[in-house]
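The tour begins with the whole chain and then moves from one selection to the next.

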Amino acid sequence: MTQRIEVLADPEALARHVADWTLQLALSRPGAVAIALSGGSTPKRLYHLLAASPWRERMPWDRVHLFWGDERFVPADHPDSNQGMARGALIAHVPIPPANLHPVPVDGTPEEAARRYEAELRRFADTRPGRPLFDLQMLGLGPDGHTASLFPGTAALEERAAWAIAVIGAKPEPRITLTYPALENSAEVAFLVAGADKRAMLQRLREGDRGIPAGRLSASRPVTIFADRAAAP
């Protein structure tokens, strides 16, 4: 995995820089712009900024399609829902067409929901011949080295056929996550990393350590790491 890293002063500077970067990426893409969002605390400020001036007015929301890299198997109005967080911070405040939202299903069983999400991804991919599934895949980095809901020691790390699977037992609630083949099917992959508690794992990611889930990503294009100074090795 070829990497480049940009270090910003603090989480606010990181969010503002990535908001500008995301805007320029969206404006540079023709047709539908597919963005897979990350959950967690680090991107929340980014989503607030994208919903505010000047980013709100400049983003081509009518062409933006939003997906999620992973989701907790909880209702969308649950405090732990990645979709719910994105709706509150971003989606409710921008003119994005409802048809352009592609949330992870959270009804039925986790396994059924994962299959339905994969079917949605493949339908969308069919509308983009010759282009990656995503224009941008946003990812976080956990203190244990996980990214999306690909956790250490889980079978999900070995999945190479399915694009989305259920992860049960790694956390108190089931998760649905994109697998490496889907995460890697992206024109741009960006890790957003903030906080001193991430420094050790970011160092391992920078070293290409495949002993952590984030280090096993094999993107065909350079991966961009946006980190604040506290997280930077």
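Of the 233 residues in the protein chain, 54% are buried; here buried means under 20% relative accessible area, exposed means over 50%, and partly exposed lies in between, with a 1.4 Å probe and protein chains only. The model is predicted, and local features need pLDDT of at least 70, side-chain atom pairs count only at pLDDT 80 or more, and totals for chains, interfaces and linings use all residues. Residues are numbered from 1 along each chain as its sequence is written, and side-chain values use heavy atoms, with hydrogens and water left out.

**The whole chain**

Along the principal axes, the C-alpha atoms fill a box of roughly 45 × 40 × 35 Å.

Next, display the surface. The protein chain exposes about 9600 Å², of which carbon and sulfur atoms supply 53%; accessible areas come from the Shrake-Rupley method with a 1.4 Å probe, and for residues only the protein chains shown count as cover. Colouring by charge picks out 27 positive and 27 negative side chains, and the centres of the two sets lie 4 Å apart. Lys and Arg count as positive and Asp and Glu as negative, while His and the chain ends are not counted; each charge is placed at NZ of Lys, CZ of Arg, CG of Asp or CD of Glu.

Among contacts between residues at least 6 apart in sequence, 77% join residues at least 24 apart. Contact means heavy atoms within 4.5 Å. In the stops below, contact lists leave out residues up to four places away in sequence.

**Stop 1**

Select Thr 177 in strand S7 (residues 175-178). Thr 177 has 1% relative accessibility and therefore counts as buried. A polar atom of its side chain lies 3.1 Å from the backbone nitrogen of Ser 149. This is a polar contact: a pair of N or O atoms within 3.5 Å, where within protein one must be able to donate a hydrogen and the other to accept it, and residues adjacent in sequence count only if both atoms are side-chain atoms. Thr 177 also touches several other residues, including Gly 69, Asp 70, Ala 148 and Trp 163.

From there, move to Ala 148, in the loop between S5 and strand S6 (164-167). What is the phi of Ala 148? Ala 148 has a positive phi of about 50° although it is not a glycine. Most residues other than glycine have a negative phi, and most peptide bonds are trans. Ala 148 is buried, with a relative accessible area of 12%.

**Stop 2: Gly 145**

Gly 145 is also placed in the loop between S5 and S6. At 0% relative accessibility, Gly 145 counts as buried. Show its contacts: Met 201, Ile 212, Pro 213 and Ala 214.

**Stop 3**

Select Ile 168 in the loop between S6 and S7. Is Ile 168 buried or exposed? Ile 168 is exposed, with a relative accessible area of 54%. It touches Pro 110, Glu 111 and Pro 174. Its C-alpha atom is separated by 9.9 Å from that of Phe 73, 95 residues apart along the chain.

Glu 111 counts as partly exposed at 36% relative accessibility, and touches Ala 166 and Ile 168. The C-alpha atoms of Glu 111 and Gly 130, 19 residues apart along the chain, are separated by 29 Å.

**Stop 4: Arg 128**

Arg 128 is found in the loop between helix H5 (110-126) and strand S5 (134-139). At 4% relative accessibility, Arg 128 counts as buried. A polar atom of its side chain lies 2.9 Å from the backbone oxygen of Pro 132. The residues that Arg 128 touches include Ala 32, Ala 34 and Phe 134.

**Stop 5: Pro 54**

Finally, select Pro 54 in the loop between helix H2 (44-50) and helix H3 (55-58). A cis peptide bond, with omega about 0°, joins Ser 53 and Pro 54.

Definitions and conventions: Helices (H or I, at least four residues) and strands (E, at least two) are DSSP runs, numbered from the N terminus.
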